[in-house]
Protein chains: 2
Amino acid sequence: MKVLITGFSGFVSKHFLDYLEINAHGAIVAGTDKNAPEFEFNNYQNISVEFHQVDLLNKEEVEEIITQFRPEYLLHLASYSSVANSWIRPVESFNNNVNIFLNLVEQIRISNIKCRILSIGSSEEYGNVTEGEVPLTEDHSLRPVSPYGVARVSQEMVSKVYADGYGLDIIITRSFNHIGPGQKDIFVISSFAKQLVQIMKSGSKSGSIVTGDISIVRDFVDVRDVVRAYFLLMQKGKRGEIYNICSGMGRSLKDIIVEMSNILGIEISTTIDAARVRPDDNKLIVGSYQKINREIGWEPSIRIEESLRDIITFWQERSATP
Amino acid sequence: MKVLITGFSGFVSKHFLDYLEINAHGAIVAGTDKNAPEFEFNNYQNISVEFHQVDLLNKEEVEEIITQFRPEYLLHLASYSSVANSWIRPVESFNNNVNIFLNLVEQIRISNIKCRILSIGSSEEYGNVTEGEVPLTEDHSLRPVSPYGVARVSQEMVSKVYADGYGLDIIITRSFNHIGPGQKDIFVISSFAKQLVQIMKSGSKSGSIVTGDISIVRDFVDVRDVVRAYFLLMQKGKRGEIYNICSGMGRSLKDIIVEMSNILGIEISTTIDAARVRPDDNKLIVGSYQKINREIGWEPSIRIEESLRDIITFWQERSATP
């Protein structure tokens, strides 16, 4: 299989490569990103991997990679994926979610390349929901409340039009908050883990961290389960269909901090910084994975306690080697 | 009142100026467009009007017009508004609907200018609906099926986020198919009218025209009613709210052709050109104007027969002077 991965330098891509290495011997992968990856990608034994520095906002560069590589599968991970930053730079967030995707699918359309596309969306598309509405199924209405959420719904609608109107082979996901080792500390769980590890390493048995609103509840799913879902959708997903990828369980950020503190054996107090509370944040997002389970047999396999332990181990090893 | 009109060179803008001339003495208007207007705008007695050639995709140009003129009202008419052309050039359609709007609202946000913004949307946002679902109210789900429709929903979601998240004063419309004298013949009713007038002028009592799918039903509203709604929304609309602007009546394109043929006293046969049938067109769109009627007292005042007569008169006068 020939797979093009956009957003190659992110941690989801790294885990997807690890999955292919075991489950897709002979796969040929080309990756694109604006920035070179920080992980090693030349040591895989069973797959071949090459990297191209590409700005997906540049149509000529998109044309070159698509027409040269001619992918059979496109895993479109590239995204300006921080909700918080989307409030600060909304236009950049919009362009780097929607316009890059448009450039890709349009190039595949006009080049008439037979390629199965995975359009990765987000649980942020659902927007504010009430307790009575969760777990969210795919037919729930979308009311995005952040620039990032809006951009993701736009991408999804573009996907639908390219699938239904132009006949492209596009499968759409709404991926809930993924967590796992290797995630950058601009994302909340990774940031908490890194801070807690620093407190423990300092030799202290207690400490405090500054947070945004930690009462918000999210559905956290391990990145290794997520990439397995992506691979299975490439094989068995239905064209034009939308699939939630989630754990089906809601956890507050506060719960996660307590859980990680227990793993590390430290006491943590939290202080809320009003500046980190977003203008109009979703209080609660929990998904249902019944559809993807029914259609392709996927379900999450990694419990959150295991994810959190692995994230902590990642930061422990990372901070040991300066 | 200081009003900035984007898409100044279009026929809606011309009718809005005519409305201001009578109803808003002293209004100061700045208009922007990529192309200079073909109508005369220096002869108004009661309002002052200036024109600036601006590419709204160019952020520097957007900054200049917004910070120099400092509008109290923004009537955002600029749009790549042809559904048919959006299938041919989807990326251009997307950029010239969503990205130009983003540039404008972002500039108003960062310049901290107090300005009431009318974000003009479209009935195409609703997508395919069944007979049981019409007339469509504003809370009906949006399932756009064309690149143009997708772009309009994106613009609307951006409007909601800028209103609810950043506190901008934005009012949102879903304007149904407007018709009226002066509309370009890339739009379907105007195109039919022009062709029928040409047949009549040739001295023939009968003729034939080539069309796309004329069984589709739309809700046609006269542009003069539309601009009155825009003016009233500027005065009395509620921030962050969405308003249908429509006639509440559905008419098939076939009905319209028969009606105009009767006005001209000619017999017309139609031939369907498969190439003009769009990939995935909405069969039926009819709206409800109950919300705007209830909240600001607007209702359509011009019957479709009157609109069609005026459109025919426009083309008769136009074709008389080569």
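Trainee: Which residue in β6(A) is the bridge partner of A:Ile117?

Mentor: Please note that this is a predicted model, in which local features need pLDDT of at least 70, side-chain atom pairs count only at pLDDT 80 or more, and totals for chains, interfaces and linings use all residues. Residues are numbered from 1 along each chain as its sequence is written, chains are lettered from A and ligands numbered from 1 in the order in which they are written, and side-chain values use heavy atoms, with hydrogens and water left out. Strand β5 (residues 116-122) of chain A and β6(A) run parallel and are joined by seven bridges, where strands are DSSP runs of E with at least two residues, helices are runs of H or I with at least four, both numbered from the N terminus, and two strands pair if DSSP finds at least two bridges between them. In β6(A), the partner of A:Ile117 is A:Ile170.

Trainee: How many residues of strand β6 of chain A are buried?

Mentor: Buried means under 20% relative accessible area, exposed over 50%, and partly exposed in between (1.4 Å probe, protein chains only). Strand β6 of chain A spans residues 169-175 and is mostly covered. Of its seven residues, the number buried is six.

Trainee: The side chain of A:Ser122 reaches the backbone nitrogen of which residue?

Mentor: A:Ser122 is found in strand β5 of chain A, and it counts as buried because its relative accessibility is 6%. Not counting residues up to four places away in sequence, A:Ser122 touches A:Tyr148, A:Arg152, A:Thr173, A:Arg174 and A:Ser175, a contact being heavy atoms within 4.5 Å. At 2.9 Å, its side chain reaches the backbone nitrogen of A:Glu124.

Trainee: Which element gives the most residues to the side of chain B that touches chain A?

Mentor: The two chains bury about 2100 Å² between them, 71% of it on carbon and sulfur atoms; buried area is the accessible area (1.4 Å probe) that two parts lose on being put together, summed over both. In chain B, B:Val91, B:Met157 and B:Val161 lose the most area to chain A, together 24% of what that side buries. The elements of chain B that give two or more residues to this side are α3 (83-88), α4 (90-111) and α5 (147-164). With 10 residues, the one that gives the most is α4(B).

Trainee: How many salt bridges does the rule find across the interface of chain B and chain A?

Mentor: A salt bridge is a side-chain nitrogen of Lys or Arg within 4 Å of a carboxyl oxygen of Asp or Glu. A search of the whole structure finds 38 salt bridges over all chains. Across the interface of chain B and chain A, the number is zero.

Trainee: With which residue does B:Arg174 form a salt bridge?

Mentor: B:Arg174 lies in strand β6 (residues 169-175) of chain B, and its partner is in the loop between β5 (116-122) and α5 of chain B, 49 residues apart. B:Arg174 is buried, with a relative accessible area of 2%. The closest N and O atoms are 3.4 Å apart, and the partner is B:Glu125.

Trainee: What is the N to O distance in the salt bridge of B:Lys291 and B:Glu241?

Mentor: B:Lys291 lies in helix α9 of chain B and B:Glu241 in the loop between α7 and β11, so the pair ties together parts 50 residues apart in sequence. B:Lys291 counts as buried at 12% relative accessibility, whereas B:Glu241 counts as partly exposed at 28%. The N to O distance is 2.6 Å.

Notes
A polar contact is a pair of N or O atoms within 3.5 Å; within protein, one must be able to donate a hydrogen and the other to accept it, and residues adjacent in sequence count only if both atoms are side-chain atoms.
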